[in-house]
Each structure stands twice: as C-alpha cells, then as structure tokens.
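Me: I want to go through this entry label by label. For each term, tell me what value stands behind it.

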Amino acid sequence: MSRVLIVGAGLTGSLCACLLRRELQGRVHIEVWDKARGGGGRMSTSRPPDSSSQSADLGAQYVTATSSYAQSHHRFYSELLSAGVLQPLDSLVEGLKHKDGSEDYMTPLGMGSLVKHFLSESGADLFLERHVTGLYLRGASWEVERKAGDSEMFDAVVLTMPVPQILQLQGDLGHMLSVHQRQQLDGVQYSSRFAVALFFPPDVVFSFPWSARYVSDNCCIRYISADARKRNADAPGRGPSLVVHTSVPFGLKHLEQDKEDVQPIILQELDRLIPGLPQPISIKCQKWRYSQVLTSVPDCPGHMTVHDRPLLICAGDAFVHSNFDGCVESALSALSVLKASL
C-alpha cells in the first residue's frame, strides 16, 4: 500500500485526500499534515474563548459558484448542499456584486465545516502542528523532515501550502525545479490583509439591517460581517460576532507590524463606521500574509509536477484561481497525476 502525504489541511488538501480515497480506496494510506493547531487554512472558523458567543470566520466568508464551472463541479455542490454544509446566501450583503450565472452560498456551521467535511470523507490520518521543513529524495521514496527534528518516508507528496512556503523548504526540491518552473513560482503574488473578530455577550443585538457590508470609502476597512446573521445561525443565549477585513493596501502597508499593534487602528476605524458598538467579551486578530492569489501560475495548469517517481507535486489556488472552484480544479488535477503514478 502506497503512503501518500498531503501537506496542508486547507480546502485543496482536504479535497485531494477525499478524492484520492474515493478513487484508490484500499491502495493508499493517506496522511494530512498541517503546521497549525487546527485544520481549515484560509477557511478556518474561530471559536470564541467564551462559549456564550458565536464563532467567526476570519478567512473566506462565503462560496461563489461560478458559471464557468457549473457543470464540471456540480457534484461537489450537490454533495455539500445535501449534507447541509452549504446553503444559499439569502441575507442582505451590501455592496456584493453578482456576476451573471453565479450563485453565492454560506456555511451554517462556518467555513471550516467545508474542510472538515472533506477530511472526514477522506478517512485520512490528520496530524496538526506538524511543520514540514525539508524534502529529501531517498531512492524510491521521499523523506519528509519536520521542524521537531524527526522525519518519515512517503511514496508520494502533495504540497498545497502557499508558494513562498514551498520555496522555503530545505532539501532536494529547490534544485529539482527547472528554470522555467522556478520563474513561474517566483511570479506568484498574494494579497495580504488583517482580519479581526469581535465576540459579544448574549444581550447584544446589532441595530444595522445587513448581514455583511462591503466598504468602499475607507482606507483601512474593506468588509464587515455579522457572522451569525450571515449564516442564519442566530441562537438564543449566544452572543453575536462581528468580523472585519482590512483592505489590501492597508494590509500591505502594515504587513511587517505585529498584529497587536495593528488591531487598535482597525478598531478605531470600525468605531467611525459603526459608532456606539457595545464592548465585546473578547477580540481576535489574524494576519493573513497570503490572503488571496493575485497572480497565479500562467495558464492555470492546476498543479506542478516537480518529480515523477517518487511523485512530488505542488497544488492549490496558486495554480488555478483563488476561490472554491479553483481549489476543486486543482485537487482534480492533482488526482489525475496521483492515479497515474500510484
């Protein structure tokens, strides 16, 4: 039985693991490693420290099904809708621009539930706080080294983390990249932003009518969401949460500052936009250094094969588009190579 390692427990990694199990069940042992304390990547859902408040999505906010993938990805949307993981986004989102033929969906249990669904379906062994630092070719296998100092052997490796983190890996990957591949990876660019979640006590009721709002006239804040309202998840005895995303220029300007120093600036701007907000129970600030892909690998190949046997491939939204459909397309592309190799 082949041992396959998927590095990164975000949407691409979890979906790749799920598809691999469905296609090659009984032929592969799948492990998913992530350096974080929880899965989800940029689709993680944050729990409040106090259980009396609702959770909050600090990363992706909703899913837009684009018309160009309506047929090829229909089975994934049907599966998620049938499982109750996705539901139509029918609350008021001020400033949301709808494209012809596209449909917007929200996740009643938070965006992290998307990743949890596919991880559960994959049957993969999930290991958190496993930070991969190096890849070394050992005959017909890959030795994967961890920050903790130990290593394990695998027959195939799929890297789904942001491209700059891939390029930082030690070992044999760097010199296996062709000049053209290196140029393609070096050309990938990401936006950066900060996100803040405010968790409120149960007696708080927001007075504004919208569930989310795009802000166009503020240099700091680009988006605000009453998360539970957006998800139709308001519940008695649970306080609401408010999520704030900064603009990309603001994120780039303050990128190298500590998030603790940037948080007060964001909260000051929030007070100008929504005066008189009650005092939250707690606040969480997140710095997204690699928020969304601005420039992907040319021609959107879905993946990049670094080595054939043993297989080493890179996948993720950097190789297609930075949205749900892009991650699905990348996972399908990676699957086709894995099936041919294992």
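Reply: Start with accessibility: a residue is buried under 20% relative accessible area, exposed over 50%, and partly exposed in between. The model is a predicted one.

Me: Why is glycine 38 called partly exposed?

Reply: Glycine 38 has a relative accessibility of 34%. Glycine 38 sits in the loop between strand 2 (28-34) and strand 3 (45-46). Its C-alpha atom is 9.3 Å from that of phenylalanine 127, and the two residues are 89 apart along the chain.

Me: What makes glycine 10 buried?

Reply: The relative accessible area of glycine 10 is 13%, and buried means under 20%. Glycine 10 is therefore buried. Its place is the loop between strand 1 (2-7) and helix 1 (11-24). Leaving out residues up to four places away in sequence, glycine 10 touches Asp34, Gly40, Gly41 and Val115. Glycine 40 is 30 residues from glycine 10 in sequence, yet their C-alpha atoms are 4.4 Å apart.

Me: How do you know that cysteine 16 is in no disulfide?

Reply: The nearest cysteine sulfur to that of cysteine 16 belongs to cysteine 18 and is 9.9 Å away. A disulfide needs two cysteine sulfur atoms within 2.5 Å, so cysteine 16 is in no disulfide. Cysteine 314 is in no disulfide either; the nearest cysteine sulfur is that of cysteine 16, 12 Å away. By this rule the structure has zero disulfides. Both residues are buried: cysteine 16 has a relative accessible area of 1% and cysteine 314 one of 0%.

Me: Why is helix 3 described as largely enclosed by the rest of the structure?

Reply: Helix 3 (residues 112-122) has eleven residues, and eight of the eleven are buried, so the helix is largely enclosed. The buried residues are Gly112, Ser113, Leu114, Val115, His117, Phe118, Leu119 and Ser122. Glycine 123 follows helix 3 and has a positive phi, near 65°.

Me: How do you know that the buried residues of helix 6 are on the same side?

Reply: The buried residues of helix 6 (residues 179-186) are Gln181, Gln184 and Leu185. They cover an arc of only 95° around the axis, which means that they lie on the same side of helix 6. The face turned away from the buried side carries the exposed residues Val179 and Gln183. As for partners, the buried residues of helix 6 pack against helix 4 (163-167), helix 5 (173-176) and strand 20 (303-307).

Me: What makes the peptide bond between arginine 309 and proline 310 worth a remark?

Reply: Most peptide bonds are trans. The bond joining arginine 309 and proline 310 is cis, with omega about 0°. Proline 310 is in the loop between strand 20 and strand 21 (311-315).

Me: Which phi values are positive in glutamate 129 and asparagine 232?

Reply: Most residues other than glycine have a negative phi. Glutamate 129 is not a glycine but has a positive phi of about 55°. Asparagine 232, also a residue other than glycine, has a phi near 55°. Glutamate 129 is in the loop between strand 9 (125-128) and strand 10 (132-138); its relative accessibility is 55%, over the 50% cut-off, so it counts as exposed. Asparagine 232 is in the loop between helix 7 and strand 18 (241-246). At 47%, asparagine 232 is in between the cut-offs and therefore partly exposed.

Me: What lines the largest cavity, and how do the residues of its lining divide?

Reply: The structure holds one cavity of 30 Å³ or more, and the space in the largest cavity is about 30 Å³. Its lining is made of Arg42, Thr160, Met161, Pro162, Val163, Tyr190, Ala315, Gly316, Asp317, Ala318 and Phe319. By class these are seven nonpolar, two polar and two charged residues.

Me: What is the volume of the second largest pocket, and which residues are closest to its centre?

Reply: The second largest pocket has a volume of about 170 Å³. It is lined by 15 residues, of which Val204, Val205, Phe206, Asp234 and Pro240 are the closest to the centre. Helix 7 (residues 227-230) gives the largest share of the lining, three residues. The classes in the lining are eight nonpolar, three polar and four charged.

Definitions and conventions: Residues are numbered from 1 along each chain as its sequence is written. This is a predicted model: local features need pLDDT of at least 70, side-chain atom pairs count only at pLDDT 80 or more; totals for chains, interfaces and linings use all residues. Side-chain values use heavy atoms; hydrogens and water are left out. On a 1 Å grid over the protein atoms alone, a cavity is a set of points where a 1.4 Å probe fits but cannot get out, and a pocket is an open set with protein on both sides within 12 Å along at least five of seven lines; lining residues have an atom within 4 Å of a point. Grid points are joined across faces, edges and corners, and a volume is the space filled by probe spheres set on the points. Ala, Val, Leu, Ile, Met, Phe, Trp, Tyr, Cys and Pro count as nonpolar, Asp, Glu, Lys and Arg as charged, and the others, Gly among them, as polar. Buried means under 20% relative accessible area, exposed over 50%, partly exposed in between (1.4 Å probe, protein chains only). Helices (H or I, at least four residues) and strands (E, at least two) are DSSP runs, numbered from the N terminus. The arc is that of the directions from the helix axis to the C-beta atoms. Contact means heavy atoms within 4.5 Å.
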